[in-house]
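Hi there,

Here is the structure I promised to pass on to you. Have a look at it first, and then read on for what turned up in it.

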Amino acid sequence: MGGTEQPDVRLRGVVKRFGAFEAVAGIDLDVAPGQFVTLLGPSGCGKTTTLRIIGGFEQPDAGEVFVAGVPVDSETTKRHTRMVFQSYALFPHMTVRQNVAFGLRMDKVPKGEIGARVEAMLANLGLSDQAEKYPRQLSGGQQQRVALARALVTQPRVLLLDEPLGALDLKMRKRMQGELKALQRNVGITFIYVTHDQEEAMNLSDVIVVMEKGRIAQVGTPEDVYRRPANAYVADFVGETNFLAGNLAVRPENVLIGDVIPSGAARGKGMVRAKSFLGASTRLEIETEGTTLVATLPGAVSIATGDPIAFGWRDEDALHLPTKDSK
Amino acid sequence: MAARKTRQIAAATAFLGPPSLWIGALFILPMATMALLSFWRVVDYNIVADWTLANYERLARPLYLGIFWRTIKIALLVTVICALVGYPVAYFLARKTKRFQLILLVLVILPLWTSYLVRTYAWMLILGTNGAVNQALQGLGLTDTPVSWLLYSDFAVTLALVHIYVPFFILPLYAVLEKLDPRLLEAAKDLGGGRWRTFLHVTLPLSLPGVATGCLFVFIPSMGAFVTPELLGGARSIMIGSVVAQQFGVAYDYPLGSAMSLTILAIILVAATLFLRAGRPAGTAP
């Protein structure tokens, strides 16, 4: 995330408490322009609160927030962020066109220009045919697009998205992921995206910020976070992991079985306790010395539950995690 | 299947039967009787089933038209004042306070626990020739003689009706404003809407159903107000409710009273339709 450019978003020592609960417990983060950054973590990890602080919806109890170099603290500042809400928060009494025009009207953009920009944005998101409809007449995916159009038409520096795909079914979610990614490349602005779905984060992001209990556990590319998790928490939350003795861990897809184990990679023997065929892969649970090791193998496997099995992994595939108490 | 159907009919009868009887005996039957009566006439203090439109024609006389017109004017004025006074209260209750919400809500409802009659008499004490207001004005040397238009006037009737009915405006509006999704207001703010424009473009249009319901709850009883204008309006400020009561209680002219009542009902139905239509924001299900 380096570079000499001024970061679009900069957080320094940001803290936010709700009563005795510390939702955000000291966050430093720089987001470079034009990146798709995901705040990833389980519910209660502070990701949404962090997003709302960047958007100016919450005042941090300590620390500083800059968007495009301007501190986010007063209501009078012209703001460079726009938010896409989880529930979309479309105005139910306005048509799609009126919803999209709202921000431009508030910015006192000349009428003729509003019309042209709204039409262009609607066309861009494939909403031209829906312009006169009201939000309740639209499908979830269409409402999602209206929310995006309403935010993007005002040309913000940074778009904030709070689990925007959470309300959609799986198929629609996959499709919208692709559209979001393409949209972000297309408009070229910074997206800060909040989700608890690690697969979604991997799929979309240039940079993933893994959060735990109000703190940042790791910042990195999806590959960094997956292959070189900073600690056991990250290894556990991003993808599935077999934790081994000491500070070692191995991903299920790196577990080898039977004849394909190269010399030096054999680790032991166990018994297949469960097997599930998932189509593209097969998942085995191998019981060994009182623990369970999960292995994911490509395609179908001719091993039955109860069979004895040898397992292993290559040294380079093992994850070396810092021990928990060293944090 | 047949047994299930029988059970359903039995359940429907058990649940809907008593209220249907109640409404039939105490609402539909009397209304139908009044509708019939309004087309009959009185001969030598006997009501005769002799079909006529004369009762409605009598309503068109300047005397009654004037009273109808004053009643509508006062009811509308009361409704508008209740809206202007009640909206800020409901808004504050629903959106601006958490700590005092319950206390303030109780304060809004509290007057409803005292009798309507007591509240009307209280206004007589306040507005009368020797009432609190006149004594204060004289005590301060602002006037030598008591201000006479305070009591027994349109002013007194309007003031008391606003006082009595304003909770009926506040409560339905409060319910609507309280349910308003705060994310919508955040979205408006995020898109650059200041407080005033967010109110004007988002809060106000979305609260119109509450405003319409509140207006109805004030307008309907104001149209039919009887005790308050009787006590506070005197001879100068008669409303149609008093005239209806006279027909039934004093003049023994049930047909004329029925014709008046049905006319009031018609005015209210028209007003209700207009209020509810105006109060439906665009894009919401009818």
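Which residues are buried in helix 1 of chain A? They are K47(A), T48(A), T49(A), T50(A), L51(A), R52(A), I53(A) and I54(A). Helix 1 covers residues 47–54, and eight of its eight residues are buried, so the helix is mostly covered. Just after this helix, G56(A) takes a positive phi of about 85°. Before you go further, please keep in mind that this is a predicted model.

**Chain A and its domains**

Chain A is divided into two parts: domain 1 runs over 9–232 and domain 2 over 240–326. Taken over C-alpha atoms, the centres of domain 1 and domain 2 of chain A are separated by 38 Å.

Have a look at the open sheet in chain A, too. Five strands form it, in the order 13-17-14-15-16, and their pairing is antiparallel. At the edges you will find strand 13 (256–257) and strand 16 (291–298) of chain A, each of which pairs on one side only. The partner of strand 16 here is strand 15 (residues 281–288) of chain A, and the two pair in the antiparallel sense over eight bridges. To find your place in that pairing, look for T288(A), which stands opposite T291(A) in strand 16 of chain A.

Is D30(A) buried, exposed or partly exposed? It counts as partly exposed, because it has 17 C-beta neighbours inside 10 Å. Along the sequence, D30(A) and R314(A) are 284 residues apart, and in space 36 Å lie between them, C-alpha to C-alpha.

In soluble globular proteins, nonpolar side chains tend to be buried together. In this model, the largest nonpolar core has 90 residues, and the members that touch the most others are A149(A), I192(A), V209(A) and V210(A). Helix 4 (residues 140–152) of chain A provides the largest share of this core, with six residues. Both domain 1 (9–232) and domain 2 (240–326) of chain A take part, each giving at least three residues to this core. Apart from it lies another core, of 48 residues, with L93(B), L216(B), M223(B) and M260(B) among them.

Setting aside neighbours within four places in sequence, V210(A) is in contact with L40(A), G41(A), A217(A), Q218(A), V225(A), V234(A), F237(A) and V238(A).

**Chain B**

Chain B has twelve helices and two strands. Starting from the N terminus, its elements run α-β-β-α-α-α-α-α-α-α-α-α-α-α. Why does chain B count as more spread out than a compact globule? Its radius of gyration is 24 Å, well over the 19 Å that the globule rule gives for 286 residues. The C-alpha atoms of chain B fill a box of roughly 85 × 75 × 30 Å along the principal axes. Of the 286 residues in chain B, 30% are buried. If you take the contacts in chain B between residues at least 6 apart in sequence, 72% of them join residues at least 24 apart.

Two residues are handy for exploring the strands of this chain. Y45(B) lies in the loop between strand 1 (41–43) and strand 2 (46–48) of chain B. It counts as exposed because it has 7 C-beta neighbours inside 10 Å. Y45(B) and L16(B) are 29 residues apart in sequence but 41 Å apart in space, C-alpha to C-alpha.

V48(B) is found in strand 2 of chain B. With 12 other C-beta atoms within 10 Å, V48(B) is exposed as well. Its contacts, leaving aside neighbours within four places in sequence, are W40(B), R41(B) and V43(B). V48(B) and P255(B) are 207 residues apart along the chain, while their C-alpha atoms are separated by 9.6 Å.

**Where the chains meet**

How many residues of chain B are in contact with chain A? There are 17, and they touch 19 residues of chain A. Helix 8 (182–190) and helix 9 (195–223) of chain B each supply at least two residues of the side that touches chain A. Helix 8 of chain B gives the most to that side, with five residues. By class, the side of chain B that touches chain A has eight nonpolar, four polar and five charged residues.

Enjoy looking around!

Key
Residues numbered from 1 in each chain as written. Chains lettered and ligands numbered in written order. Predicted model: local features only at pLDDT ≥ 70, side-chain atom pairs only at ≥ 80, totals over all residues. Pairing = 2+ DSSP bridges. Helix = DSSP H or I, 4+ residues; strand = E, 2+ residues; numbered from the N terminus. Domains from an automatic or database assignment. Contact = placed C-beta atoms within 7 Å. Nonpolar A, V, L, I, M, F, W, Y, C, P; charged D, E, K, R; others polar. Buried ≥ 20, exposed ≤ 12 C-beta atoms within 10 Å, placed from the backbone. Rg over C-alpha atoms; globule rule 2.2 N^0.38 Å. Core = buried A, V, L, I, M, F, W, Y, C linked by C-beta atoms within 7 Å.
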